[in-house]
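Trainee: I would like to learn how to read a protein model. Could you take me through one, feature by feature?

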Amino acid sequence: GWLMSDNDLYADPAKGVGLSLAEGGRLVRPVVGTQTNYIANQEMAVDGFHVLTLVVTPERFELYVDGNIERGFNKSYLLEVTQDSSSSPGEAAEAGASLMEIGRRATLGFVQPLFKGDLGDVVGF
């Protein structure tokens, strides 16, 4: 399910940022606008506390899982490995027009799956 989201999928172009859980809730997939091509490198333990840090600038698109970028991803490194010199190393993130939702997607927020679990503090800046 969705951990948090202010995605505005009806904006043109789509805006906002979100974090969802894929693969049965064990892999983190960030969403920036319509960008959904990146996913964490390693699964998280199901019954554990985790800290997720998403860095999104035009120069950086990175996900840290428990402070470890190897468990998340680094778009710049992935572009280097695939020898893609035409793509940007970061993403252009804009705030969505929707309110920040916790535990569900902002656009069509009741579309399943909803997040089931406990969330600690959510900090955005």
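Mentor: Read along the sequence, the protein chain runs β-β-β-β-β-β-α-β. That pattern holds 1 helix and 7 strands. Helices (H or I, at least four residues) and strands (E, at least two) are DSSP runs, numbered from the N terminus. The radius of gyration is 14 Å, close to the 14 Å that the globule rule gives for 125 residues, so the chain is as compact as a globular protein of that length. The radius is taken over C-alpha atoms, and the globule rule is 2.2 Å times the number of residues to the power 0.38.

Trainee: What should I keep in mind about where the values come from?

Mentor: This is a predicted model, in which local features need pLDDT of at least 70 and side-chain atom pairs count only at pLDDT 80 or more, while totals for chains, interfaces and linings use all residues. Residues are numbered from 1 along each chain as its sequence is written, and side-chain values use heavy atoms, with hydrogens and water left out.

Trainee: Along its principal axes, what does the C-alpha trace span?

Mentor: The C-alpha trace of the protein chain spans about 40 × 35 × 25 Å. Its accessible surface comes to about 7700 Å², and 51% of that belongs to carbon and sulfur atoms. Such areas come from the Shrake-Rupley method with a 1.4 Å probe; for residues, only the protein chains shown count as cover.

Trainee: How do I read "buried"?

Mentor: Buried means under 20% relative accessible area, exposed over 50%, and partly exposed in between (1.4 Å probe, protein chains only). Here buried residues make up 38% of the 125 residues in the chain.

Trainee: And which residues have the most contacts inside the largest nonpolar core?

Mentor: First, the idea: a nonpolar core is a set of buried Ala, Val, Leu, Ile, Met, Phe, Trp, Tyr and Cys residues joined through side-chain atoms within 4.5 Å. The largest one here has 17 residues, and those with the most contacts inside it are Leu3, Leu21, Val28, Ala40 and Leu63. Strand 1 (2–5), strand 2 (17–22), strand 3 (27–32) and strand 5 (61–65) are the elements that give two or more residues to this core.

Trainee: What does leucine 3 touch, beyond residues up to four places away in sequence?

Mentor: Contact means heavy atoms within 4.5 Å. On that basis, the partners of leucine 3 include Leu19, Leu21, Leu52, Glu101, Phe115 and Leu119. For the chain as a whole, residues 24 or more positions apart account for 48% of the contacts with a separation of 6 or more.

Trainee: Is serine 5 buried or exposed?

Mentor: Serine 5, which lies in strand 1, is buried, with 0% relative accessibility. Leaving aside neighbours within four places, its contacts include Val17, Gly18, Glu101 and Ala106.

Trainee: Where is glutamate 101 placed?

Mentor: Glutamate 101 is in strand 7 (residues 101–102). Its relative accessible area is 19%, so this residue counts as buried. Beyond its neighbours within four places, glutamate 101 is in contact with Leu3, Met4, Ser5 and Ala106.

Trainee: How should I read a phi angle?

Mentor: Most residues other than glycine have a negative phi. Aspartate 66 has a positive phi, near 55°. This aspartate 66 is found in the loop between strand 5 and strand 6 (68–74), and at 35% relative accessibility it is partly exposed. Glutamine 83 also has a positive phi near 55°. It sits in the loop between helix 1 (75–81) and strand 7, and is exposed, with a relative accessible area of 72%.

Trainee: Lastly, how many positive and negative side chains are there?

Mentor: Lys and Arg count as positive and Asp and Glu as negative; His and the chain ends are not counted. The place of a charge is taken as NZ of Lys, CZ of Arg, CG of Asp or CD of Glu. The chain has 9 positive and 17 negative side chains, and the centres of the two sets lie 5 Å apart.
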